[in-house]
Each structure stands twice: as C-alpha cells, then as structure tokens.
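Keep the viewer open as you read.

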Amino acid sequence: MVGGRRLGRRFGWLWASYAVGAYGSGLGFGALPLIAVLVLDAGPAEVSALSAAGPAVGALIAVPLAPWVEFRRKRPVMIGMDLVRFGAMASVPVAYAFGVLGFVQLLVVSAVIAAAKIAFGAASGAFLKALVRPRDLLVANARFESTNWSSIAVGPPLGGAAIGVFGPVTTVLADAFSYLLSALALTAIGGREAAPEPAGESPLRAGALLAGWRHILGHPVLRALYLNQVLVAGLIMATEPLLAVLLLRELGFPPWQYGLAFAAPCLGGLVGSRLARRVVARHGRDRVFRVVGTLRAVWLIGLVLVGPGVAGLVTVMAVELAIVVSMSLYGPVLSTYRLEHTPQHLVTRTLTAWSIGQQAAVAVLTALAGLLAGVTGPRPALAVAGLLILATPLLLPRKRRTPRPAPESSGRAAGGVRP
C-alpha cells in the first residue's frame, strides 16, 4: 500500500474505479489505430489523423464542458462520463460484428473518449479534494500514480496477446466493460455530495470558459510548473513515434522486444510513487520540484545512443526506467500542489485547462518531431528533442517561498463530500 495510510472505504471505492479504468485502458492501449490498420486497411496518413485529430477535437469539446461540470455534483458526472465511454467503445465491436465499421466512426469514438476522459479527470480531482483530508492528498495521488504506471506495464503486453488470440476488437470490448465496472465502483462510494452553488454567469461566457487558464497563469508557481510540464510531457511523448521507427525499422528489433522496452520500465513507477511522500517529508516540496523536475529532463538525450542488439535494448530500458521513476515521483507532488493551491470552485476548470494545454503540446510537438524526422531521420530528431528538454528546468520555480494554499472559503462553495 503506497504511503501505508488508510484513507477510508469511500476512497477505496474511488481508487477501485480508477484502477479498473486504468487497467482497461492499458489493455486497449493503441487499439483504435490497430483496428484502423488491421480491419480498415488504413494508411499512415489516416492512422496519424486518428491519433492526432480525435484527441484534438476531444480537447475542444472539453472546453465548454469544464464550467458545466464545475457547478454540478462531481460523482454523477464521473459516472456519466464512464457510461459515455462505455457506449462509445462498445459501438466499435458492435459495428465490426455487423460489418459496418468505418474510419469516420473511429474518429468520432476517439474524440468522444478524449473529451470524456478530460471531463472525468477534472471532476475526479475536485471530488478527491473534497473526499480526503488535505494532509492525505499526497498519499492519495501517489496511489493513483502507482496504479497508472502498473497498468501501463501490464496492460499493453496482455492486450497484444489477447488480440493475437481472440481478434482485433477484443481489447476494445474489455476497455468498454472496464468503464461499466468503474461506474459501479463510483456508485458504491455512497454518501451525499453537496450541490455546488449555481454559477453567477453563463457557463459559455468567456469568463467562465477561461477561468482555469486565468488561475494557472495568475499564480506564479502554478504558471511555472504548468509551462514546464506541458513542454516536458510534449517532448517526451514526441519521441515515441521516432523511437518506434528507429527500433523497428532501422535497428530491426522484433515487436516483442519493442513492447518489452516500454512495458518493463513502467514498473519503476511503483518505486517513484512509493517514494513521493517520504522524499517530500525529508527534503521538502520545493526541492522535489527543482531536483526531480530537473532529473526528468536529463535522461531523454540518452536515446540517441541506442544501437542494435541486447546492448541497445538495455540502453532503451535504462533510459525509460530513469524517466519513469523521476516522473512517478514528481507527478503526485505536482498533482497535490495543484489541488492545494486551487480554490474548490475552480478545480474542475483548472484541471481541464491543464489537460487541454498538455494534450495540445503533445500533439504539436509530436507533429513537429515527425516533420523533422522526415527530413533528417529519427536519430537526429531524437537528439533535437533531447537537447530541447534540457532547457525546460529553467522554467521550474526557483524561490523556496511559495504561496500559501488556496483557502477553501474563497469563491463559491463547490460541493464538498459529506461522510
């Protein structure tokens, strides 16, 4: 148990909901592009469009959703988003069974899933802040972090095996039913959630839509952490397609070694997340932001050194392991700080703005890295990403004195959770 502290039955059901959804998504990782290739015979341009356009449209849909979610009870919203994702994902195997599955449907499903994921995550953050005591937020976020990394380590290899045995839509069906199980776990939480006070303005007005970004950019430490995070996440994710081309095409790694190179290091996420509370207690949060935030950025350049054979495989795994341990230690600390320094009536919109910005950065930097790799090849493009990320620690907050946590009484009340 991460942190060794009991957070109560209701948090246990929330964690169970998160775990079921995470492992379902792990099993279904990359399933839609795979179906596009295997079932619809899609080419590289169509697969790239599916991977980029769907999440981008989903992010746009999430913008007006944020203020709507902010002033509603969060648990019903989370259950609703789970049911929406179940319906969207279940439509794929149904269409496949009747022989009517098309590329447009995959695009729509991808956009719906992306929007629902952002809305669910934002509502979940607000619900968590109201559910657990402030001193337990770091422990709770560390448990979510460890679950996320373990699902990435276990899910994709099992999903690949299931597709090989049972067919291309197997993991999509498993992912769909994981959302049903997640909704049931959320229902089992029980208790009463107070209704937030109605918004004083229309949720679609510019002020309501942009409130999350205004809070982030107006808070000096959150602004620095946000800019650093979107660039680090974007540059790390931008290297994945480049590394796939380098390992599979140029260096001739078999697919199972490629999968192993990414899955096995994710177990390091269990290490980092378990260390988060102890490291913060011993060294302080400011030092974690500076030191661990810097460590996240120094390893990526090592991918340029990857060569063929066992040595190359070990190099990839070592670099990925170092990145994962650093990220999994840093992530819960960042998530906790963000919740502590966001008033309750702005949590949903702040988390939505954060997710949209990060998703947009990943899409843009991945596209730019792909264009560069098309001209120079994957290894020079990896070098550029590795060098650029070395500059990101300059964005981290440097002052040891950080603003005090946002008072719960500021702004409108936002639906606390009553035991």
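## Charges over rings

Let's start with Arg85, which lies over the face of Phe120, 4.7 Å from the ring centre. A charge counts as sitting over a ring if NZ of Lys or CZ of Arg is within 6 Å of the ring centre and within 35 degrees of the ring normal. Arg338 does this too, lying over the face of Trp354 at 4.8 Å from the ring centre.

Some ground rules before going on: this is a predicted model, where local features need pLDDT of at least 70, side-chain atom pairs count only at pLDDT 80 or more, and totals for chains, interfaces and linings use all residues. Residues are numbered from 1 along each chain as its sequence is written, and side-chain values use heavy atoms, with hydrogens and water left out.

## The whole protein

The secondary structure comes to 16 helices and two strands; these are DSSP runs numbered from the N terminus, with helices being H or I of at least four residues and strands E of at least two. Of the 419 residues, 52% are buried. Here buried means under 20% relative accessible area, exposed means over 50%, and partly exposed is in between (1.4 Å probe, protein chains only).

Taking contacts (heavy atoms within 4.5 Å) with a separation of 6 or more, 88% are between residues 24 or more positions apart. The accessible surface is about 18,400 Å², and 69% of that belongs to carbon and sulfur atoms. Those areas come from the Shrake-Rupley method with a 1.4 Å probe; for residues, only the protein chains shown count as cover.

## Aromatic pairs

How many aromatic pairs does a search of the whole structure find? It turns up seven. To pair, rings of Phe, Tyr and Trp (its six-membered ring) need centres within 6.5 Å; planes under 30 degrees apart are stacked, over 60 edge-to-face, and the rest tilted. Tyr18 and Phe144 make a tilted pair, because their ring centres are 4.7 Å apart and their planes sit at 35°. This pair links distant parts of the chain, with Tyr18 in helix 1 (residues 9–27) and Phe144 in helix 6 (residues 137–166), 126 residues apart.

Tyr18 is partly exposed at 27% relative accessibility, while Phe144 is buried at 9%. Ring pairs also bring in Phe11 and Trp15, making a cluster with Tyr18 and Phe144.

Leaving out residues up to four places away in sequence, Ser17 touches Asp82, Phe120, Ser182, Ala185 and Leu186.

Trp68, in helix 3 (residues 44–70), is partly exposed at 35% relative accessible area. Trp68 and Ala208 are 140 residues apart in sequence, but their C-alpha atoms are 9.3 Å apart in space.

Helix 4 (residues 74–97) has 24 residues and reaches 35 Å from first C-alpha to last, close to the 34 Å expected. The expected span is 1.5 Å times one less than the number of residues. Just after helix 4, Gly99 takes a positive phi of about 70°. Helix 5 (residues 103–131) has end C-alpha atoms 41 Å apart, which agrees with the 42 Å its 29 residues should span. Because 21 of those 29 residues are buried, helix 5 is largely enclosed by the rest of the structure.

In helix 9 (residues 211–218), the buried residues are Ala211, Gly212, His215 and Ile216. They cover an arc of only 135° around the axis, so they're on the same side of helix 9; the arc is that of the directions from the helix axis to the C-beta atoms. On the other side of helix 9, Arg214 and Gly218 are exposed.
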